[in-house]
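Please keep the sequence and the structure in view while reading.

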Amino acid sequence: MLLQHRKRLMALAGLVLAGYLIVHMFSNLLYFNAERFNSFYQLYNLPFIRWPLLLLVLAALALHVWGAIAIRRHNAKVRPVAYHKRDYLQPPKALVTLSIILIGLFILLHIVQTLQFDPQDAYGETLALFASAGMLLIYLAGLLLIGMHLQHSLNNVLQTLGVTSKTCYPLLVTLIALLMLGFAAVPVAAYLGQG
Ligand code: HEM
């Protein structure tokens, strides 16, 4: 019963994070119009918008991870011998754990970096952030991990809901790829637009 409650909370937190990601990707595309990008982030940085939103994202992240740990612990207790895996592409658990830790570190790095941005010039700050190929690669790797995590977890959600993956899977993969490409467009454009 308690686990069901945690599962629901975890799914709700995941939904909040996915919603934030979609809105964030579209607002980032304003980068291709420097003035609009700056105006948007000036508004975003108003204290009564920025801090509650940041708190919401951090709370959703914490709930999501807490729920995942509780489910893993429960599964390990009730099923000490793992299911036979037909899907040979299923990555080993240790690799999944490592990728989740790396996603967490990436989001933390991004928040620390954006906290230091000049709220009046998000465009100039973004341009400066991606002046190095190293930072571009870190962001592209972070996006790839987030994309893989979304693909893996949303596919599981669809199966749990009884939606046949055969019809929905290509649509899911396409939507996630578009989301990640939308995100990647800004660091790539900023890196190429130096000088
Ligand atoms: C890869 C392309 C991305 C770019 C160019 C980008 C850019 C930005 C910018 C410009 C800000 C606001 C800075 C300001 O306050 O003035 C921001 C904030 C934020 N971004 Fe991203 N972002 C990207 C990806 C992501 C991803 C994948 C996440 C995942 C959750 C994320 C989460 C956040 C959060 C939580 C904030 C708020 C942090 C704060 O209040 O300081 N971003 N981002």
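**Fold, core and ligand shell**

Of the 195 residues in the protein, 13% are buried. The model is predicted. The protein has 7 helices and 0 strands, so that the pattern along the sequence reads α-α-α-α-α-α-α. Its C-alpha trace spans about 55 × 35 × 30 Å along the principal axes. Taking contacts between residues at least 6 apart in sequence, 78% join residues at least 24 apart.

In soluble globular proteins, nonpolar side chains tend to be buried together. Here the largest nonpolar core has 12 residues, among them Tyr31, Phe37, Tyr41, Ala122, Tyr123 and Phe130. Helix H2 (34-44), H5 and H7 each supply at least two residues of this core, and H7 gives the most, with 5 residues. Tyr123, a member of this core, touches Tyr31, Ala34, Phe37 and Asn38, leaving aside residues up to four places away in sequence.

The ligand is surrounded by 23 residues, of which the closest are Leu54, Thr114, Phe117, Ala122 and Val186. Which helices supply at least two residues each to the shell around the ligand? They are H1 (2-28), H3 (47-78), H4 (93-115), H5 (122-129), H6 (133-160) and H7 (165-192). The largest share of the shell comes from H4, with 5 residues. Sorted by class, the shell around the ligand holds 16 nonpolar, 6 polar and 1 charged residues.

Key
Residues are numbered from 1 along each chain as its sequence is written. This is a predicted model: local features need pLDDT of at least 70, side-chain atom pairs count only at pLDDT 80 or more; totals for chains, interfaces and linings use all residues. A residue is near a molecule or strand if its C-beta atom, placed from the backbone, lies within 6 Å of it. Helices (H or I, at least four residues) and strands (E, at least two) are DSSP runs, numbered from the N terminus. Ala, Val, Leu, Ile, Met, Phe, Trp, Tyr, Cys and Pro count as nonpolar, Asp, Glu, Lys and Arg as charged, and the others, Gly among them, as polar. A nonpolar core is a set of buried Ala, Val, Leu, Ile, Met, Phe, Trp, Tyr and Cys residues joined through C-beta atoms within 7 Å. A residue is buried if 20 or more other C-beta atoms lie within 10 Å of its own, exposed if 12 or fewer, and partly exposed in between; C-beta atoms are placed from the backbone. Two residues are in contact if their C-beta atoms, placed from the backbone, lie within 7 Å.
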